[in-house]
Amino acid sequence: MLKKLLLCGSLAAGVLSAAPSTTHAHPVTVDGAATEWFTRLPSGDNLGLVARDAQGQGEYIWRDALADTRTDISTPEVVADIAAFQVTGDAMGVGFLIRRAPGVNLAGAPIQVQIAVDTDLMDGSGQEFFAEFGDTKVANGARWERLIETLFGSGGTAKVIDTGFNQVAMVSAMQGATGDIEIFVPWSALGLMAPPTTPLRFTVATFRCQANQDLTIDIGGPMFSNALDVISDYGDPVAAMFPNTYQDVQDLIVDYSFDVHFRANGEVYTPLVVQRFLANSLAGAQGPDEWYSVTNVSPGMVALGGIKLGDEETPDGNEGMFAFPAMNLASGATFTVARAGASYQAFFAKAPDAELPPGATMAVPDMIPFVQWTANVAGATQLANGGDEVILLDRSNTLIDIAVFGNGVYPGITPFTPAPGTNQVLSRDAMSSDTDSCQVDFSNAGTTCTADAQCGGTCKACVNNTCVNKPMGAACPNANPCDGDEICDGAGLCVPNPAPICDDANPCTTDTCTPANGCTHTPLANGATCSDGDVCNGAETCSAGMCTQGMPLTCDDMDPCTVDACDPVMGCSNTDAPEGTPCSDGDLCNGTETCDAAGLCQPGTQLDCDDQNPCTVDACAAATGCEYMDVADGSACSDGDLCNGDEQCSAGACVSGNAPDCDDQNACTLDTCEPSTGCTHTNEPAGAACDDGNGCTEPDTCDGNGQCVAGPDGCGGSGGTGGTGGGSTTSSSSSTTTTGAGGGDGGGGTGGDQLDDGGCGCRTAGSSNQSNLAWLAALGLTLALVRRRRDR
């Protein structure tokens with residue numbers, strides 16, 4: 001029940017990849033027509049082989065017995081009957097062709113092809129049931145990771161499912177007009193990134209499916225397989241009396257599976273090839289008896305157990321077929337089987353890897369008779385001298401390689417002719433080429449050998465009992481080293497190379513070649529001129545066989561506007577430097593120089609050394625540039641400010657003097673000092689108050705021109721002149737009285753209208769003392785000056 005639940009779940013799985021392109025490199029076009037596929041077949045029914053054409057294309061081809069199908073659904077069963085099954089590949093994926101019996105009526109429920117693909121080759125790993133309720137399993141050693149099934153019941157193409165019966169991809173499939181079916185599956189749909197390096201194992205069965213559902217048509221319920229035809233040799237690949245498919249699946253298991261190997265480009269190939277063999281041999285001391293060597297041409301290890309070697313091309317024949325002992329053969333290695341181990345060892349002084357029974361050499365393992373193919377053990381395998389076949393079968397009895405020579409015959413194989421002579425070895429080429437033409441793949445390597453000397457030539461070697469050509473480029477020297485190092489041309493011939501070049505590129509040696517010693521190099525005498533090809537390092541001379549340098553050339557022309565260089569051949573060169581290149585004339589005072597377009601060094605802008613300090617002497621020295629020296633202390637200087645006095649230099653700095661006194665003692669001027677002009681006196685505006693020193697004229701005002709003008713007020717007029725006479729004078733702080741004694745009368749002056757008690761010359765009537773007036777006048781002037789100074 002679990003199987004059926006999983007199968008039902010697969011019907012709902014989504015499409016994980018788009019349908020692939022239908023045209024491929026083999027080329028195979030998925031159109032249901034077999035025109036581009038190989039037409040050759042194995043020699044009998046229920047056999048498979050690997051075919052390879054001259055273009056390097058390969059196919060696995062199975063020839064199935066017709067009418068070996070079950071008849072539970074239809075009698076005869078022709079719809080599900082397989083006539084042939086073929087496999088090929090390319091870098092993109094793997095292709096399948098299912099051939100049907102031509103001319104039959106394919107009526108009724110359509111065919112469903114199911115191809116189980118075991119990708120990991122691990123026993124018990126993967127799914128065992130076929131899909132769509134097929135009620136059939138694969139063998140334990142062929143459990144699958146992917147399964148391909150056609151969908152012709154629903155009119156579709158094909159799909160790929162995983163072990164959980166989930167759809168992982170839809171792929172191209174088509175049934176042609178004659179019933180042949182083509183399928184192409186990308187490697188990615190099989191869970192691979194590219195063609196696999198290990199083989200894929202296939203199990204194939206056909207069913208009838210229900211229309212519109214693609215479910216297999218049941219036969220007797222889940223306890224009975226409903227597979228109608230399978231690819232199988234039924235465990236006994238005989239040429240007659242093939243059983244019905246039911247004999248294989250009556251236990252619900254398809255016991256047969258087959259392996260297909262793919263190259264890196266996807267082409268089908270065989271991992272083992274017959275590399276060389278001795279077919280016509282003398283026995284005893286004159287020859288080693290027959291022997292056969294196979295080579296592993298795959299990139300990995302090959303297990304020899306289950307591989308068979310013999311000369312019987314069809315089952316139930318009278319020739320021999322023997323299985324290898326359970327051993328592993330490394331990539332590129334060769335395994336040799338002797339018909340008689342003792343004869344082989346006596347001739348070659350070494351044992352073979354195995355021998356045919358009955359073996360007489362205890363240390364050499366025996367091959368195992370494969371009685372399912374032929375029961376002829378007593379006759380063993382002995383190649384006919386005039387022509388025969390050497391055949392390799394794999395574990396599923398697929399003919400993976402067939403070497404045919406002389407008058408031997410196998411369908412589709414071109415034999416190598418003529419048959420080799422006595423003790424002559426047929427050898428496949430060094431590339432182990434594998435086509436269906438032995439005339440192309442093999443050559444007569446001549447008499448079997450035990451040492452290189454027996455092969456007749458320095459370009460031939462004895463390898464695995466056979467004289468082979470040494471590879472191109474292998475050394476084959478003669479006794480004269482002066483005629484060149486001879487090499488092999490790959491075809492067995494030793495060809496000369498150009499004579500050796502003895503020139504050691506040393507000008508201080510004489511180079512010669514002698515047959516006895518080859519190239520010799522004799523030193524020249526010390527002091528001999530030589531040259532190392534470089535004039536820049538001077539004239540060389542030989543010393544102890546070595547060329548020593550002389551005095552190097554001096555290319556510096558002392559011109560900063562040239563680029564100086566030395567060429568090993570031409571010597572010194574001096575080319576103009578690019579315009580604007582900095583240069584120097586050694587004088588810092590004339591600025592930074594640059595080169596002009598003519599290669600001349602032009603001065604730049606003169607240095608300005610003025611430090612604006614009046615207390616230094618500024619100068620410029622060519623070597624150092626601007627220099628500044630202090631002038632003597634006390635030297636006059638100026639800081640440009642007349643208001644801070646006369647400056648003097650001190651320690652290189654200009655120090656201020658005493659500030660000037662700008663007071664001009666004029667009340668009607670405004671006295672200031674300007675740094676650039678010094679003291680200035682600006683007239684006060686007219687009307688500004690001032691004092692002329694005369695208290696009797698207040699208020700005084702400026703006239704706008706710098707003059708103080710007296711005001712309108714004044715003291716009383718002067719009295720008249722009194723007469724002279726004797727008298728006395730009495731003074732007080734408020735008045736003065738003069739009494740004349742005996743003086744005459746004098747007229748009294750007009751008195752003023754005001755009495756000044758401050759002593760401003762007011763007199764009593766009739767007073768006329770002139771000396772007093774003068775004194776008063778002097779006193780008034782003094783007071784006025786005092787007041788004026790106080791006002792400022």
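## Exercises on loops, disulfides and rings

N423 sits in the loop between β26 (399–406) and β27 (424–428). Strands here are DSSP runs of E with at least two residues, helices are runs of H or I with at least four, and both are numbered from the N terminus. The model is predicted: local features need pLDDT of at least 70, side-chain atom pairs count only at pLDDT 80 or more, and totals for chains, interfaces and linings use all residues. Residues are numbered from 1 along each chain as its sequence is written, and side-chain values use heavy atoms, with hydrogens and water left out.

### Exercise 1: backbone angles

Describe the phi of N423 and of L252, and decide whether N423 is buried or exposed.

Solution. 
- Step 1. Most residues other than glycine have a negative phi, and most peptide bonds are trans.
- Step 2. N423 is not a glycine, yet its phi is positive, about 60°.
- Step 3. The relative accessibility of N423 is 8%, so N423 counts as buried. Buried means under 20% relative accessible area, exposed means over 50%, and partly exposed lies in between (1.4 Å probe, protein chains only).
- Step 4. L252 also has a positive phi without being a glycine, near 70°. L252 is in the loop between α2 (246–249) and β13 (253–254). At 18% relative accessibility, L252 counts as buried.

### Exercise 2: disulfides

State how many disulfides are counted, then work through the pairs C476 and C494, C530 and C547, and C690 and C708.

Solution. 
- Step 1. A disulfide is a covalent bond between the sulfur atoms of two cysteines. Here a pair counts if the sulfur atoms are within 2.5 Å. The count by this rule is 20 disulfides.
- Step 2. The sulfur atoms of C476 and C494 are 2.0 Å apart. The S-S torsion of this pair is about 90°, so the disulfide is right-handed. C476 lies in the loop between β30 (466–469) and β31 (487–488) and C494 in strand β32 (residues 494–495), so the bond ties together parts 18 residues apart in sequence. C476 is buried at 4% relative accessible area, whereas C494 is partly exposed at 34%.
- Step 3. C530 and C547 have their sulfur atoms 2.1 Å apart. Their link is right-handed, with 95° about the S-S bond. C530 is in strand β35 (residues 529–530) and C547 in strand β37 (residues 546–548), so parts 17 residues apart in sequence are tied together. C530 counts as buried at 11% relative accessibility, and C547 as partly exposed at 22%.
- Step 4. For C690 and C708 the sulfur atoms are 2.0 Å apart. The torsion about the S-S bond is about 95°, so this disulfide is right-handed. The pair links distant parts of the chain, 18 residues apart: C690 in strand β50 (residues 689–690) and C708 in strand β52 (residues 708–709). C690 is buried at 12% relative accessibility, and C708 is partly exposed at 26%.

### Exercise 3: aromatic rings

Give the number of aromatic pairs, and classify the pair Y60 and F258 and the pair F85 and F96.

Solution. 
- Step 1. Rings of Phe, Tyr and Trp (its six-membered ring) pair if their centres lie within 6.5 Å; planes under 30 degrees apart count as stacked, over 60 as edge-to-face, and the rest as tilted.
- Step 2. The structure holds 15 aromatic pairs. One of them, Y60 and F258, is stacked, at 4.3 Å centre to centre and 5° between the planes. This pair links distant parts of the chain, 198 residues apart, with Y60 in strand β2 (residues 58–63) and F258 in strand β14 (residues 258–262). Y60 and F258 are both buried.
- Step 3. The ring centres of F85 and F96 are 6.0 Å apart and the planes are at 40°, so the pair is tilted. F85 lies in strand β3 (residues 84–89) and F96 in strand β4 (residues 93–99), so the pair ties together parts 11 residues apart in sequence. F85 is buried at 0% relative accessibility, and F96 is buried at 0%.
- Step 4. Ring pairs join Y60, F85, F96, F202 and F258 into a cluster.
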